[in-house]
Amino acid sequence: MQYFYILIVTLFISGCNISNGVNVQKVTDLQKVSQDVQTYTKGIDTGYISTLQNYKYHYFKPWNIEKIQAPLAEAMWAYKVFTPQKSYGENLQKIDQSFFDAMLDNSNFSEYASLNKPALTLKHLNLRAFPTQRPLLRDPKLAGEGFPFDYLQNSTIAANKPILVSHYSKDRAWVFVESSFAHGWVNSNDIVYLSSKEREIWQQVTQVFFTKDNVPLYDSKNNFLFKSHIGMMLPLIDTNETDNIVLSVSKYANNRAYFHRSILSKEVTHQGILKFNAKNIDIIINELQKVNYGWGGMYGQRDCSSTMRDFFAPFGVWLPRNSYTQSRVGRVIALDKMSDKEKIAAIKKYGVAFRTLLYKKGHIVLYAGTLNDKVIVFQNLWGIKTLKYNKAGRFIIGRPIFSTLEVGENLRYYDKSASLLSNLKSMNIITF
């Protein structure tokens, strides 16, 4: 009887393993490919790969243009793409037409580009395609859909970043804004307007870059203001042996700016851009590895393209928002007509470690060099596509990793047709 009981339990556990299939397996790359950035950065000492002037030009662009540059049709893209037939809400039920009608009405696009007023973000903000925090999902039953893929999430903007305000929603709870890299809706209470003189001074003084996320900034009375994000710059007011004192902003009545002196350790900030060397690359990659995958930067995390943006920012390299436009920066080499063997040879021949992006449709990764003669990349990856009995699935990774170009190939139900290597379209070396 005891033997029979043990046998039943064993079969039950085995059955669970079989039914879960791919989910009980492990990705070989995460065990055999070093996740320590120092493995790949030895000997890198390039010096500066960009200039502060170049980065500032893009960073402050919203303050130096006369009107919103995105055409109205581009600002309204989401209304053309999303319909009730394929859209699901937070309750995983289909969204009806009344939601879209209400969003379009409140968007107040008849006032588009009527304000064109420079402003500053007050905290880390979600940049939305509709003026709402409600999500819009595709069919949650499909692999790679549902949570966390809220298609109304365009991107995020860090605190105290320049923006240009197009106009208010009808209820004035939202403003449509353009940042240096994306546009969309943010809460109107989370911005502040600056005068032309304030903006001029802000841009002219020495800039301090953050080398660490989530450092809290306080005012002189120790009131919390916001947290840091790699890629942010703040004006330097003063400095001493251990600290940089920077200008930060909150607001008071009538959307007027209130300026503060925030004290920050030199261990988490740097005056001007960083040199592109092993020490600094290690610092930034180690910080990027602390977050999980976040679609459109949601929940204070990063997706594949925002990981690339924020990696290059402290070195003075500005990248556009999405993976395709990032793949067009610098020297571009087409890979789409090559065999897998030819792609690997080209990457090894032309790729420059930590300065080369590899692109496939919808995804972008950073070339980190070779290890044991295999091409290694750094990427922020949601999951690996699987195919079990002709049904698509995902093996979830959900974080930044170092991997080969065939990450997940050991999985039982690995979808070979979705391989990163076989789907690579181009490589581009970041050069200035």
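**Note on the predicted model: sheet, helices and salt bridges**

1. Helices (H or I, at least four residues) and strands (E, at least two) are DSSP runs, numbered from the N terminus.

2. On the basis of the note: this is a predicted model, in which local features need pLDDT of at least 70 and side-chain atom pairs count only at pLDDT 80 or more, while totals for chains, interfaces and linings use all residues. Residues are numbered from 1 along each chain as its sequence is written, and side-chain values use heavy atoms, with hydrogens and water left out.

3. Two strands are taken to pair if DSSP finds at least two bridges between them. In general, strands of a sheet pair through backbone hydrogen bonds, either parallel or antiparallel.

4. Within the sheet, S20 and S21 pair in the antiparallel sense over 11 bridges. Isoleucine 384 has phenylalanine 395 of S21 as its bridge partner.

5. Strand S22 (residues 426–429) is covered on both faces: Ser426 and Asn428 on one side, and Met427 and Ile429 on the other, are all buried. Buried means under 20% relative accessible area, exposed over 50%, and partly exposed in between (1.4 Å probe, protein chains only). S22 is joined to S17 by four bridges, and the two run antiparallel. Four bridges likewise join S18 to S22, again antiparallel. Isoleucine 429 of S22 is the bridge partner of arginine 331, and threonine 356 also stands opposite isoleucine 429.

6. Helix H9 (residues 278–288) has eight of its 11 residues buried, so this helix is largely enclosed by the rest of the structure. The buried residues are Ala278, Asn280, Ile281, Asp282, Ile284, Ile285, Glu287 and Leu288. They pack against helix H3 (38–41), strand S16 (276–277), helix H10 (304–312), strand S20 (374–388) and strand S21 (391–403). Contact means heavy atoms within 4.5 Å.

7. The side chain of aspartate 282 does make a polar contact with the side chain of threonine 41, at 2.7 Å. A polar contact is a pair of N or O atoms within 3.5 Å; within protein, one must be able to donate a hydrogen and the other to accept it, and residues adjacent in sequence count only if both atoms are side-chain atoms. Leaving aside residues up to four places away in sequence, aspartate 282 touches Val37, Gln38 and Thr41.

8. The whole structure contains 11 salt bridges, each defined as a side-chain nitrogen of Lys or Arg within 4 Å of a carboxyl oxygen of Asp or Glu. One of them joins glutamate 90 to arginine 134, with the closest N and O atoms 3.4 Å apart. Glutamate 90 lies in the loop between helix H6 (77–81) and helix H7 (97–107), and arginine 134 in the loop between strand S3 (125–128) and strand S4 (153–157), so the pair ties together parts that are 44 residues apart in sequence. Glutamate 90 is partly exposed at 48% relative accessibility, as is arginine 134, at 36%.

9. Aspartate 190 and lysine 123 also meet through their side chains in a salt bridge (3.8 Å, N to O). Aspartate 190 is in the loop between strand S7 (183–187) and strand S8 (191–193) and lysine 123 in the loop between strand S2 (117–121) and S3, so the pair ties together parts that are 67 residues apart in sequence. Aspartate 190 is buried, at 13% relative accessible area, whereas lysine 123 is partly exposed, at 41%.

10. Lysine 348 and aspartate 373 form a salt bridge at 3.0 Å, N to O. Lysine 348 belongs to helix H12 (residues 340–350) and aspartate 373 to the loop between S19 and S20, 25 residues apart. Finally, Lys212, Glu287 and Lys290 are linked in a network of salt bridges.
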